[in-house]
Amino acid sequence: MPRHPKKPRRLIVGGRAYLWTIRHSHSVKDNRRSCCQTLTLYPQPLGTGGPLRIVFTEGPDRYVPGGAPLGSGDVGYIQGASLNMHEPGAVRALLDAASTRGWQQEGRRTVEIDGWSLLEAAAAARAGTTGSAGPKE
C-alpha cells in the first residue's frame, strides 16, 4: 500500500528526529498565477524547537512544477541545479545547508528561509561535489 502523500515523513540526523512535509500551493499576483513548493521540518519531540520552512517560489529561470511532466517535488533552475524534495537525501541536504547558514532549532518560532538561497549548496552536497551548480549565465 502506498504512503499517503500528506502524511509527514520521518528523518533522523545526528540523533535528532524531524517530521517533514511538502506542500504545493498557488498564489495570484498581478493577474499571474505563481507556484510555490514548501518543505517544512518539525523537530521532534514537539517542543524541542520551532519548525523550519524552506520555500521555493516560481520565478525567472526557476521551475516549481505541480505535476507532469516533472515530479511534484521537483524544484530547480532551468539550466542548473535541481532537487526532488520527495527524496530524503534532498531534504537532508537542504537541512544541512540551512544549518550551515545559521539555522538553529532551539527557538520556538517557525523560521522561513528562501529555498533558492540553499539550492546550490544542497544540490552540490547531494551530488557529492563542492563546486557551484547554480544557473548558467
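Colleague: In which sense do strand S4 and S8 pair, and over how many bridges?

Modeller: Strands of a sheet pair through backbone hydrogen bonds, either parallel or antiparallel. Two strands count as paired if DSSP finds at least two bridges between them; strands (E, at least two residues) and helices (H or I, at least four) are DSSP runs numbered from the N terminus. In this predicted model, S4 (residues 52-57) and S8 pair in the parallel sense over 4 bridges, with Leu52 standing opposite Val111 in S8. Local features here need pLDDT of at least 70, side-chain atom pairs count only at pLDDT 80 or more, and totals for chains, interfaces and linings use all residues. Residues are numbered from 1 along each chain as its sequence is written, and side-chain values use heavy atoms, leaving out hydrogens and water.

Colleague: What is the order of the strands in the open sheet?

Modeller: The order is S1-S2-S3-S4-S8, with mixed pairing. At the edges are S1 (9-13) and S8 (111-114), each pairing on one side only.

Colleague: How should I read aromatic pairs, and how many are there?

Modeller: Rings of Phe, Tyr and Trp (its six-membered ring) pair if their centres lie within 6.5 Å; planes under 30 degrees apart are stacked, over 60 edge-to-face, the rest tilted. A search of the whole structure finds 2 such pairs. Phe56 and Trp116 are edge-to-face, 5.1 Å centre to centre with 85° between the planes. Phe56 lies in strand S4 and Trp116 in helix H2 (residues 116-127), so this pair ties together parts 60 residues apart in sequence. Tyr77 and Trp116 form a tilted pair, at 5.3 Å and 50°.

Colleague: Which residues do the ring pairs link into a cluster?

Modeller: Phe56, Tyr77 and Trp116.
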